[in-house]
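Hi,

Here is the structure I said I would pass on. Have a look at it first, and then read my notes below.

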Amino acid sequence: MQLVRVVVATHLRRTFDYLIPDDQELPAIGARLEVPFGQRRLIAIAIEHPQHSDIAADKLRPIGQRLDPCPLLPAPIHKLLLWSAQYYHYSLGDVYLQALPTLLRQGQPAQKVPKKYWQITEQGKTRLRQLARTSKAPRQKQVLEQLQQVALFPHEQWSSLEITPAVLNTMQSQHWIEPVTQMPKSHPWQWRDLAQQPHQLNSQQAVAVAAITHRSAPFTPFLLEGVTGSGKTEVYLQVLEPLLKSGKQALILVPEIGLTPQTIDRFRRRFELPLAVLHSGMNDRQRLDAWLQAKNGEVAIVIGTRSALFTPLQNPGIIIIDEEHDSSFKQQDTFRYHARDVALMRAKLEQIPIVMGTATPALESLHNALSGRYHYLQLSQRAGNAQPAHHQLLDIKNQPLRAGLSPQLLQAMQQTLKNGQQVMLFLNRRGYAPALLCHECGEVVECPRCERFYTVHQQPAHLACHHCGSQRPIPQQCQHCGSTQLVTTGLGTEQLEQELKQLFSDYAIARIDRDSTRRKGALETMLKAINANEYQILIGTQMLAKGHHFPNVTLVAIIDIDHALFSSDFRAAERLAQLFIQVAGRAGRAGLKGTVMLQTHHPEHELLQDLINNGYTHFAQFALRERQQTELPPFSYQALIRFETSHSEKIQQFSEQLEAFERSLSDHQCWIFPVTESALPKRAGKLRMQQLLQAHQRVRLHQLLHHLAHWLENTPCAQRVRWSIDVDPIDML
Ligand code: ADP
Ligand code: ZN
Ligand code: ZN
């Protein structure tokens, strides 16, 4: 009897056995199959060829259609997924299928399909000659010029040039252009000599490049800690050069694609090699195409956010994680993995180097670097002629504030603007105001599903719950007392923008937050306009803090950070310090000296003093000692069990049984904390509770989780709540 063992996308940590008729070959491990599953047919992955099954022979069903002639993923990635499922205590089926592009998960063939292109006709060429002499029909001219240059232009790329289907249709009806459908050409990428002369490295950069290039073992992890503007990107580029030259591919992970167009551009311009950018704006077909190009060795570089981590490469040479401290590398729902940590395992399985770069290492990474698990590289000076910024704490106690800004800050802004330089104000709260309250009775308008304040938005006017995303019109009357005196309280970016327009009416203001950049391409357009000096005052949330180059910004101010100084989250201090350094890094990058101002009611606060006077590395080492004394990560290991439901008895019953089960376990050598309400006890109408587990030894924690996962899957009361396991949680929400 021939058998195959498969996984399917379910959260059950189970495998299923199927029959292979005797006259047929066994499906390859890692190939997709269709299998009958109850009344349905599901996509499954073959993971084993067992000798026998626990299922009785007459109960076994034969597999359905085979979807792949060979494994979909290279062996190291297959192993990586096995490891991830074990480490994070998720089912292999869930992990495997999540790592695949949507179309493959749905059973589409792992192949390219014919694509639509456009080409210019003879009439079109005539038309172009006519248009060349006029300024009429600029869009048509743009299309014709594009097609003159590129013989076959892919249809889906018009939108990035802001050409609409309507323009194309008109032009087609005039027979100036015509569509062609054909198979996309595929050929391996080939090295070509650099068009652009690289920078002469300074000595710290040269040491870093040499250490990575001439490492003693194929798999070596590097922490590249470099102050903002110290030339980390230049180090990546020069490390890539010999690797690419030898035909190897690079995988580069960045926090958010939309936020890093300038960085991506540098890779493009330096190498002029085929490059795949994986981002959330792609449709499923584009994603699969990019995935296939990477796997088939048609692109030299893959750049993407955390989910790009699982992209197979034909000839992997290096993994680079830029801004490794960034919390967006941790997926916070469904499969809760940390892309940096999984990338490390991938590098090990592929036997390639991994470089984690940042100005502000996560304390976990710093600990690994200090203890010698990572090779520690430091760039302490700004590259080129940029000078370090001047830091200043502004005590705003008892100060008259206008638009949340102190007189001293307003004065510094005037001066900077008068000098023809740009000012950047940082406020991590989008919307107009964080709350709407009744002036007569004090009642605050809350989202009933989360029991948290609504944020007031004015553009357009509405209330939005930033926890569950629900929206409603702004009420005219207090629900509690009927008063019409509803007032906003607190300051958001929209309000700051409005007030500054009045205070600085001679200057143009750009606001960058999730609301103002929702439209596709909006952020890029704004970034370009900022660099062209079309705006003088920039307002933004932390979106603005990440990796951009604004050479003409010389004054950066953080308006409000006090809430972070007194947070109950043990990582709040680390986050604040990282944010401060990132924001400060935006100031004065091109020869102009920058100033960073931090408004606070607590200028004497130890953390702020340490950061301002001694810098991030000093602060981080101090913070690490504190974590060691309090036995917190990275000096211990944590996992969080979260569960939610809309019924309070169900959640109560579940917590009791969970705790009873845990009491029955002996000798686990873990701290099992009591079940508590989560920091957001209600979200979107669901009650939410959680339990923290902690251990000195990782293996102990994993043994405990293993038992727990088994119990959760097999206990009826656990089926009535939505539970999840979060290994190495970075957020206790
Ligand atoms: P980071 O990634 O650390 O923020 P970048 O690589 O963006 O730093 O470098 C900051 C600026 O300094 C960039 O404009 C870059 O072109 C320039 N730069 C980097 N290395 C050198 C060098 N060795 N000599 C001169 N300029 C450099
Ligand atoms: Zn009221
Ligand atoms: Zn809500």
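What radius of gyration would a compact globule with 733 residues have, and what does the chain have? For a compact globule the value would be near 27 Å, and the chain has 28 Å, which agrees. Keep in mind that this is a predicted model.

Some more on the overall picture: the C-alpha trace spans about 85 × 80 × 60 Å along its principal axes. You can pick out 21 helices and 32 strands in the chain. Of the 733 residues, 52% count as buried. If you take contacts between residues at least 6 apart in sequence, 74% of them join residues at least 24 apart. The accessible surface is about 33,800 Å², and carbon and sulfur atoms make up 49% of that.

Now for the metal. The zinc ion (ligand 2) is held by the SG atoms of Cys438, Cys441, Cys478 and Cys481, at 2.3 to 2.4 Å. Its four donor atoms make angles of 106 to 113 degrees, and the site is tetrahedral. Along the chain, the donors are spaced as C-x2-C-x36-C-x2-C. Distant parts of the chain get linked here: Cys441 is in the loop between β17 (435-438) and β18 (446-447), while Cys481, 40 residues apart from it, is in the loop between β22 (471-472) and β23 (486-489). Cys441 is partly exposed at 34% relative accessible area, and Cys481 is partly exposed too, at 38%.

And the other cysteines? Cys450 is buried, at 1% relative accessibility, and Cys465 is buried at 2%. As for disulfides, a search of the whole structure finds zero.

Cheers

Definitions and conventions:
Residues numbered from 1 in each chain as written. Chains lettered and ligands numbered in written order. Predicted model: local features only at pLDDT ≥ 70, side-chain atom pairs only at ≥ 80, totals over all residues. Heavy atoms only, no water. Disulfide = S-S within 2.5 Å. Buried < 20%, exposed > 50% of the residue type's maximum accessible area, 1.4 Å probe, protein only. Donors = N, O, S within 2.8 Å, 3.2 Å for Na, K, Ca; no water. Tetrahedral: all angles 85-135°; square planar, octahedral: opposite > 155°, others 65-115°. Helix = DSSP H or I, 4+ residues; strand = E, 2+ residues; numbered from the N terminus. Rg over C-alpha atoms; globule rule 2.2 N^0.38 Å. Contact = heavy atoms within 4.5 Å. Areas by Shrake-Rupley, 256 points an atom, 1.4 Å probe, with all protein chains shown as cover.
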